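Reader: I would like to learn how to read a fold from its helices. Where do we begin?

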Amino acid sequence: MPTHSPARSPKAARVRMPVAVYVLGLSVFALGTSEFMLAGILEPLARDMDVSIPKAGLLVSAFAIGMVVGAPALAAATLRLPRRTTLIALLTVFGLGQVAGAVAPTYAVLFASRVLSALACAGFWAVGAAVAISLVPVNARARAMAIMVGGLSIANIAGVPAGAFLGQHAGWRSAFWAVAAMSAVALVGVVTLVPRTRPATGADAPRLRNELRIYADRQVWLALATIALNAAAVFALFSYLSPLLTDTAGLAESWVPWILGLFGVGALAGTAVGGRIADAHLFGTMYAGIAASTVVLGVLALVAHNPAATVVLAFMLGFTAFLTAPALNARMFNVANAAPTLAGATTTASFNIGNTLGPWLGGLVIGAGWGYPAVAWTGAALAAAAVGTTAVASRLHRRVAATRVVAGGAGTAASPAADASVDASVDASAAYGRGPSAH
């Protein structure tokens with residue numbers, strides 16, 4: 001292995017983020033507000049639509065299902081289209097989906113509008129992540145993704161509590177109108193500040209068949225499982241945080257926006273810390289964040305009737321959950337390095353498989369009469385499973401890397417398949433001039 005890499009130079013260490021990455025983060029703020037705001041307006045929405053809380057919670061799953069289906073489908077369909085044009089089209093459709101939700105006369109129409117918005121959101125995430133990654137060097141990938149994920153964090157700090165406030169004082173439909181307006185602002189930013197790109201041609205043109213080869217790699221599936229389990233753990237609880245705060249902890253409904261905002265503050269802090277340490281300590285960040293979420297959820301299940309403890313733990317869950325987000329994103333791009341568009345789509349789909357699974361399992365637990373604290377136990381079990389998949393991925397990473405080092409030291413050429421797998425997996429490590437075991 002080389003003993004020095006240019007990526008270790010001070011110039012490389014101080015990579016300046018392109019303004020387009022921040023614009024994408026702003027767009028994600030609008031997308032994230034729509035995705036998460038139902039946690040703050042679930043009860044008034046359920047009352048207005050005359051449905052149960054678990055059925056209203058399925059609107060969260062509807063959005064997640066649309067993301068799961070839309071991310072790979074739209075990434076494949078737009079593979080050869082200019083990325084900026086694709087982002088503009090998807091953001092426009094997303095905004096129209098918010099308008100449809102705001103005027104929805106029935107639960108079924110609202111459900112359909114959520115799926116439509118999610119399809120557009122999924123495509124934007126997949127293509128936007130690929131654009132962000134393409135604008136920075138490999139040793140700044142986690143930082144770039146931290147900015148995009150930061151849009152979600154700020155959505156939790158400002159967008160979701162604002163949506164809850166609007167829902168309580170101006171009706172839940174006003175929250176959808178507000179997101180539609182934010183989408184228009186984001187659209188202007190993308191049109192004016194994201195650079196134009198032309199699809200590659202000839203031998204460099206992206207080919208779906210080539211990108212699909214990433215799914216033959218076990219590490220891609222382990223990354224997918226870890227992301228999905230971690231997201232399910234968080235959203236099993238977060239989707240029902242509002243009724244847990246009011247029905248179990250005994251807080252007034254007026255407290256909900258503030259506590260959702262506190263969760264968002266924790267999420268932003270976790271994203272900032274994770275973005276700074278994940279490039280150098282990828283697996284360490286994943287272990288620390290997911291294990292801490294397991295503990296927080298378990299403790300929350302035990303003390304859910306204590307208002308003060310519940311508020312503190314809501315902040316801590318935001319921090320631990322989002323601490324891992326930059327690392328989880330960067331890990332998928334590292335192991336699927338040869339297919340950046342489908343890597344972004346797979347990451348988006350993975351998160352939203354978890355976002356679908358979590359609220360569904362939480363609804364089953366509530367429907368069984370076990371109460372809202374049991375939802376926290378469900379999240380803790382899912383997070384513990386994510387620790388397990390992280391351990392398997394780390395062990396496989398070290399084993400393959402060691403095999404390559406031994407083969408290289410013996411003067412024997414490793415197989416092309418092994419080289420491709422290891423090159424993708426150790427990309428971030430090599431950028432820092434370290435051996436494959438740096439993580």
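Author: With the overall make-up. This is a predicted model. The protein chain has 19 helices and 0 strands.

Reader: What share of the residues of the protein chain count as buried?

Author: Of 439 residues, 57% do. The accessible surface is about 16900 Å², with 68% of that area on carbon and sulfur atoms. Now look at the contacts between residues at least 6 apart in sequence: 85% of them join residues at least 24 apart.

Reader: How do I read a single helix, say α3? How far apart are its end C-alpha atoms?

Author: Compare the span with that of a straight helix. Helix α3, residues 38–49, has 12 residues, and a straight helix would reach 16 Å at 1.5 Å a residue. The end C-alpha atoms of α3 are only 13 Å apart.

Reader: Why is α3 described as largely enclosed by the rest of the structure?

Author: Because 10 of its 12 residues are buried. Among them are Leu38, Ile41, Pro44 and Met49. Just after α3, Asp50 takes a positive phi of about 60°.

Reader: And a helix pair? At what angle do α10 and α13 pack?

Author: Helix α10 (residues 218–238) and helix α13 (residues 282–303) pack at about 25°, with axes 11 Å apart. The angle is under 35 degrees, so α10 is roughly parallel to α13. Thr226, Asn230, Ala233 and Leu237 of α10 make the contact with Met286, Ile290, Leu297 and Leu300 of α13.

Reader: Why look at the spacing of residues in a helix?

Author: An α-helix has 3.6 residues a turn, so residues three or four places apart point the same way.

Reader: Is the crossing of α10 and α13 left-handed or right-handed?

Author: Left-handed.

Note on methods. Residues numbered from 1 in each chain as written. Predicted model: local features only at pLDDT ≥ 70, side-chain atom pairs only at ≥ 80, totals over all residues. Heavy atoms only, no water. Helix = DSSP H or I, 4+ residues; strand = E, 2+ residues; numbered from the N terminus. Expected span 1.5 Å × (residues − 1). Buried < 20%, exposed > 50% of the residue type's maximum accessible area, 1.4 Å probe, protein only. Contact = heavy atoms within 4.5 Å. Areas by Shrake-Rupley, 256 points an atom, 1.4 Å probe, with all protein chains shown as cover. Axes fitted to C-alpha atoms, helices over the stretch in contact; angles between N-to-C directions. Parallel < 35°, antiparallel > 145°, perpendicular 65-115°, else oblique. Left-handed = near helix turned anticlockwise from the far one by under 90°.
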